[in-house]
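Hi,

Here is the structure I promised to pass on. Have a look at it first, then read on for what turned up in it.

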Amino acid sequence: MSISKKRSYNSESRKAQSQETKNRILASAKMLFESKGFEKVTIEEIAREAQVSAPSIYSIFQSKRGVLLGLMDEALSPEKLEALVEQGKKEKCPRKRLEITASIARQLYDAEKAQLSFLRGASMLDPVFKELEIEREKRRHQRQKETVETMANEKAFSDNLSLSKIRDILWAFTGRDLYRMFVVERGWSSDEYEKWLAELLIQVLLSKSRS
(Lines give C-alpha, C1' and ligand atoms only; values in the text may rest on other atoms or scores of the structure.)
Protein backbone atom coordinates (compact mmCIF):
# COMPACT_ATOMS: atom_id res chain seq x y z
CA MET A 1 0.00 0.00 0.00
CA SER A 2 1.36 3.41 -0.93
CA ILE A 3 1.98 6.11 1.70
CA SER A 4 -0.76 8.32 0.22
CA LYS A 5 -3.32 5.50 0.36
CA LYS A 6 -2.31 4.71 3.94
CA ARG A 7 -2.69 8.36 4.93
CA SER A 8 -6.10 8.51 3.24
CA TYR A 9 -7.22 5.37 5.04
CA ASN A 10 -6.02 6.69 8.40
CA SER A 11 -7.74 10.01 7.77
CA GLU A 12 -11.06 8.35 6.91
CA SER A 13 -10.74 6.08 9.92
CA ARG A 14 -10.19 9.06 12.23
CA LYS A 15 -13.18 10.88 10.73
CA ALA A 16 -15.42 7.85 11.26
CA GLN A 17 -14.19 7.45 14.83
CA SER A 18 -14.73 11.15 15.52
CA GLN A 19 -18.27 11.01 14.14
CA GLU A 20 -19.05 7.91 16.20
CA THR A 21 -17.84 9.72 19.34
CA LYS A 22 -19.91 12.79 18.47
CA ASN A 23 -23.02 10.67 17.90
CA ARG A 24 -22.52 8.87 21.21
CA ILE A 25 -22.19 12.18 23.06
CA LEU A 26 -25.35 13.57 21.44
CA ALA A 27 -27.34 10.40 22.17
CA SER A 28 -26.23 10.43 25.81
CA ALA A 29 -26.96 14.13 26.19
CA LYS A 30 -30.43 13.73 24.69
CA MET A 31 -31.24 10.88 27.07
CA LEU A 32 -30.05 12.86 30.10
CA PHE A 33 -31.77 16.09 29.03
CA GLU A 34 -35.05 14.18 28.61
CA SER A 35 -34.82 12.40 31.96
CA LYS A 36 -33.46 15.25 34.13
CA GLY A 37 -34.08 18.48 32.22
CA PHE A 38 -31.44 20.47 30.37
CA GLU A 39 -30.65 22.79 33.26
CA LYS A 40 -29.83 19.94 35.69
CA VAL A 41 -27.38 18.02 33.48
CA THR A 42 -23.64 18.63 33.62
CA ILE A 43 -20.92 18.00 31.04
CA GLU A 44 -19.38 15.49 33.44
CA GLU A 45 -22.61 13.47 33.53
CA ILE A 46 -22.79 13.44 29.75
CA ALA A 47 -19.16 12.30 29.60
CA ARG A 48 -19.81 9.40 32.00
CA GLU A 49 -22.90 8.30 30.09
CA ALA A 50 -21.12 8.52 26.72
CA GLN A 51 -17.96 6.88 28.12
CA VAL A 52 -15.74 9.71 26.96
CA SER A 53 -13.73 12.33 28.81
CA ALA A 54 -15.18 15.74 29.64
CA PRO A 55 -12.32 17.42 27.72
CA SER A 56 -13.40 15.45 24.62
CA ILE A 57 -16.86 17.00 24.86
CA TYR A 58 -15.40 20.47 25.29
CA SER A 59 -13.11 19.84 22.31
CA ILE A 60 -16.04 18.93 20.04
CA PHE A 61 -18.83 21.17 21.36
CA GLN A 62 -17.05 23.79 23.54
CA SER A 63 -19.88 23.83 26.12
CA LYS A 64 -23.22 22.36 27.16
CA ARG A 65 -24.77 25.08 25.00
CA GLY A 66 -22.77 23.67 22.08
CA VAL A 67 -24.14 20.19 22.80
CA LEU A 68 -27.67 21.60 22.73
CA LEU A 69 -26.96 23.33 19.43
CA GLY A 70 -25.64 20.05 18.06
CA LEU A 71 -28.87 18.30 19.01
CA MET A 72 -30.98 21.05 17.46
CA ASP A 73 -28.97 20.84 14.24
CA GLU A 74 -29.35 17.05 14.23
CA ALA A 75 -33.14 17.38 14.34
CA LEU A 76 -33.17 18.85 10.85
CA SER A 77 -29.71 18.97 9.34
CA PRO A 78 -28.44 22.27 7.90
CA GLU A 79 -28.11 20.49 4.54
CA LYS A 80 -31.76 19.43 4.47
CA LEU A 81 -32.89 22.85 5.66
CA GLU A 82 -30.83 24.55 2.94
CA ALA A 83 -32.35 22.21 0.33
CA LEU A 84 -35.84 23.24 1.44
CA VAL A 85 -34.90 26.93 1.31
CA GLU A 86 -33.47 26.48 -2.21
CA GLN A 87 -36.73 24.87 -3.30
CA GLY A 88 -38.57 27.99 -2.20
CA LYS A 89 -36.13 30.26 -4.03
CA LYS A 90 -36.71 28.41 -7.32
CA GLU A 91 -40.50 28.67 -7.11
CA LYS A 92 -41.85 31.54 -9.21
CA CYS A 93 -45.46 31.62 -8.00
CA PRO A 94 -45.73 33.89 -4.88
CA ARG A 95 -48.59 31.84 -3.44
CA LYS A 96 -46.68 28.56 -3.77
CA ARG A 97 -43.54 30.20 -2.40
CA LEU A 98 -45.39 31.08 0.80
CA GLU A 99 -46.84 27.57 0.92
CA ILE A 100 -43.28 26.24 0.80
CA THR A 101 -42.32 28.67 3.58
CA ALA A 102 -45.11 27.22 5.74
CA SER A 103 -43.92 23.71 4.89
CA ILE A 104 -40.36 24.58 5.94
CA ALA A 105 -41.60 25.84 9.32
CA ARG A 106 -43.70 22.71 9.80
CA GLN A 107 -40.86 20.32 8.91
CA LEU A 108 -38.36 22.16 11.10
CA TYR A 109 -40.57 22.18 14.18
CA ASP A 110 -41.88 18.65 13.57
CA ALA A 111 -38.27 17.44 13.58
CA GLU A 112 -37.48 19.33 16.76
CA LYS A 113 -40.64 18.05 18.44
CA ALA A 114 -39.83 14.44 17.58
CA GLN A 115 -36.16 14.62 18.48
CA LEU A 116 -36.08 17.12 21.33
CA SER A 117 -38.99 16.45 23.62
CA PHE A 118 -37.09 18.01 26.53
CA LEU A 119 -37.37 21.49 24.97
CA ARG A 120 -40.39 22.49 26.94
CA GLY A 121 -41.21 23.54 30.48
CA ALA A 122 -38.34 24.52 32.71
CA SER A 123 -35.70 23.70 30.10
CA MET A 124 -37.02 26.40 27.80
CA LEU A 125 -36.57 28.97 30.58
CA ASP A 126 -32.90 28.15 31.06
CA PRO A 127 -30.73 31.19 30.20
CA VAL A 128 -28.50 29.07 27.96
CA PHE A 129 -31.47 27.94 25.86
CA LYS A 130 -32.93 31.44 25.73
CA GLU A 131 -29.61 32.87 24.51
CA LEU A 132 -29.34 30.18 21.86
CA GLU A 133 -32.93 30.75 20.81
CA ILE A 134 -32.30 34.48 20.32
CA GLU A 135 -29.31 33.72 18.10
CA ARG A 136 -31.25 31.21 15.99
CA GLU A 137 -34.16 33.61 15.60
CA LYS A 138 -31.84 36.36 14.39
CA ARG A 139 -30.41 33.97 11.79
CA ARG A 140 -33.90 32.92 10.72
CA HIS A 141 -34.95 36.56 10.29
CA GLN A 142 -31.83 37.21 8.20
CA ARG A 143 -32.30 34.05 6.14
CA GLN A 144 -35.79 35.19 5.10
CA LYS A 145 -34.44 38.50 3.77
CA GLU A 146 -33.65 37.21 0.28
CA THR A 147 -37.08 35.62 -0.14
CA VAL A 148 -38.85 38.81 0.90
CA GLU A 149 -36.72 41.06 -1.31
CA THR A 150 -37.20 38.80 -4.33
CA MET A 151 -40.97 38.73 -3.88
CA ALA A 152 -41.01 42.50 -3.31
CA ASN A 153 -39.21 43.04 -6.62
CA GLU A 154 -41.89 40.92 -8.27
CA LYS A 155 -44.60 43.20 -6.79
CA ALA A 156 -46.09 40.25 -4.95
CA PHE A 157 -46.84 41.95 -1.64
CA SER A 158 -49.64 44.20 -0.50
CA ASP A 159 -48.86 47.87 -1.16
CA ASN A 160 -49.81 48.96 2.36
CA LEU A 161 -46.93 47.03 3.99
CA SER A 162 -43.35 48.22 4.14
CA LEU A 163 -40.52 45.80 3.43
CA SER A 164 -39.41 45.80 7.06
CA LYS A 165 -42.94 45.03 8.27
CA ILE A 166 -43.26 42.21 5.74
CA ARG A 167 -40.05 40.66 7.03
CA ASP A 168 -41.21 41.01 10.64
CA ILE A 169 -44.63 39.49 9.90
CA LEU A 170 -43.15 36.54 8.02
CA TRP A 171 -40.60 35.96 10.78
CA ALA A 172 -43.19 36.15 13.56
CA PHE A 173 -45.83 33.95 11.93
CA THR A 174 -43.29 31.24 11.04
CA GLY A 175 -41.78 31.19 14.53
CA ARG A 176 -41.64 28.30 16.94
CA ASP A 177 -44.08 29.85 19.42
CA LEU A 178 -47.14 29.55 17.16
CA TYR A 179 -46.26 25.95 16.31
CA ARG A 180 -45.85 25.17 20.01
CA MET A 181 -49.16 26.76 20.97
CA PHE A 182 -51.21 25.12 18.23
CA VAL A 183 -49.55 21.72 17.73
CA VAL A 184 -48.02 20.98 21.14
CA GLU A 185 -50.42 22.79 23.49
CA ARG A 186 -53.73 22.64 21.60
CA GLY A 187 -53.25 19.37 19.76
CA TRP A 188 -53.53 20.54 16.14
CA SER A 189 -52.12 18.13 13.59
CA SER A 190 -49.02 19.27 11.72
CA ASP A 191 -51.06 19.25 8.50
CA GLU A 192 -53.63 21.59 10.04
CA TYR A 193 -50.89 23.93 11.25
CA GLU A 194 -49.16 24.03 7.87
CA LYS A 195 -52.42 24.64 5.97
CA TRP A 196 -53.48 27.40 8.38
CA LEU A 197 -50.05 29.06 8.28
CA ALA A 198 -49.88 29.03 4.47
CA GLU A 199 -53.37 30.53 4.16
CA LEU A 200 -52.56 33.17 6.77
CA LEU A 201 -49.33 34.23 5.05
CA ILE A 202 -51.08 34.43 1.68
CA GLN A 203 -53.99 36.45 3.07
CA VAL A 204 -51.88 38.90 5.07
CA LEU A 205 -48.88 39.42 2.81
CA LEU A 206 -49.86 39.05 -0.83
CA SER A 207 -51.49 41.72 -2.92
CA LYS A 208 -55.07 40.86 -3.86
CA SER A 209 -54.07 40.34 -7.49
CA ARG A 210 -51.46 37.71 -6.51
CA SER A 211 -53.44 35.83 -3.84
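In helix α2, which spans residues 43-50, the buried residues are Ile-43, Glu-45, Ile-46, Ala-47 and Ala-50. Buried here means under 20% relative accessible area, exposed means over 50%, and partly exposed is in between, with a 1.4 Å probe and protein chains only. Helices are DSSP runs of H or I with at least four residues, strands are runs of E with at least two, and both are numbered from the N terminus.

Before going further, note that this is a predicted model: local features need pLDDT of at least 70, side-chain atom pairs count only at pLDDT 80 or more, and totals for chains, interfaces and linings use all residues. Residues are numbered from 1 along each chain as its sequence is written, and side-chain values use heavy atoms, leaving out hydrogens and water.

Back to α2, where Glu-45 sits. Why does Glu-45 count as buried? Because its relative accessible area is 17%. A polar atom of the Glu-45 side chain lies 2.9 Å from the backbone nitrogen of Thr-42. Leaving aside residues up to four places away in sequence, Glu-45 touches Leu-32, Lys-36 and Lys-40; a contact means heavy atoms within 4.5 Å.

Now for another lysine, Lys-30, which belongs to helix α1 (residues 3-36). Lys-30 counts as partly exposed because its relative accessibility is 22%. Again not counting residues up to four places away in sequence, Lys-30 touches Leu-71, Gln-115 and Phe-118. Lys-30 and Gln-115 are 85 residues apart along the chain, yet their C-alpha atoms are separated by 8.5 Å.

Most residues other than glycine have a negative phi. Gln-51, which follows α2, is not a glycine but has a positive phi of about 60°. You'll find Gln-51 in the loop between α2 and α3 (54-61), and at 69% relative accessibility it counts as exposed. Gln-62 is not a glycine either, and its phi is positive at about 75°. This residue is in the loop between α3 and α4 (64-75), and it counts as exposed with 55% relative accessibility.

Of the 16 residues lining the largest cavity, Val-85, Thr-101, Ile-104, Arg-143 and Gln-144 are the closest to its centre. The elements that give two or more residues to this lining are α5 (78-90), α6 (94-115) and α8 (127-143), with α6 supplying the largest share, seven residues. By type, the lining has eight nonpolar, five polar and three charged residues. For the cut-offs: a cavity is a set of points on a 1 Å grid over the protein atoms alone where a 1.4 Å probe fits but cannot get out, and lining residues have an atom within 4 Å of a point. Ala, Val, Leu, Ile, Met, Phe, Trp, Tyr, Cys and Pro count as nonpolar, Asp, Glu, Lys and Arg as charged, and the others, Gly among them, as polar.

Finally, the whole chain. How many helices and strands are there in the chain? Twelve helices and zero strands. Buried residues make up 41% of its 211 residues. Of the contacts between residues at least 6 apart in sequence, 70% join residues at least 24 apart.

Cheers

How values were computed:
On a 1 Å grid over the protein atoms alone, a cavity is a set of points where a 1.4 Å probe fits but cannot get out, and a pocket is an open set with protein on both sides within 12 Å along at least five of seven lines; lining residues have an atom within 4 Å of a point. A polar contact is a pair of N or O atoms within 3.5 Å; within protein, one must be able to donate a hydrogen and the other to accept it, and residues adjacent in sequence count only if both atoms are side-chain atoms.
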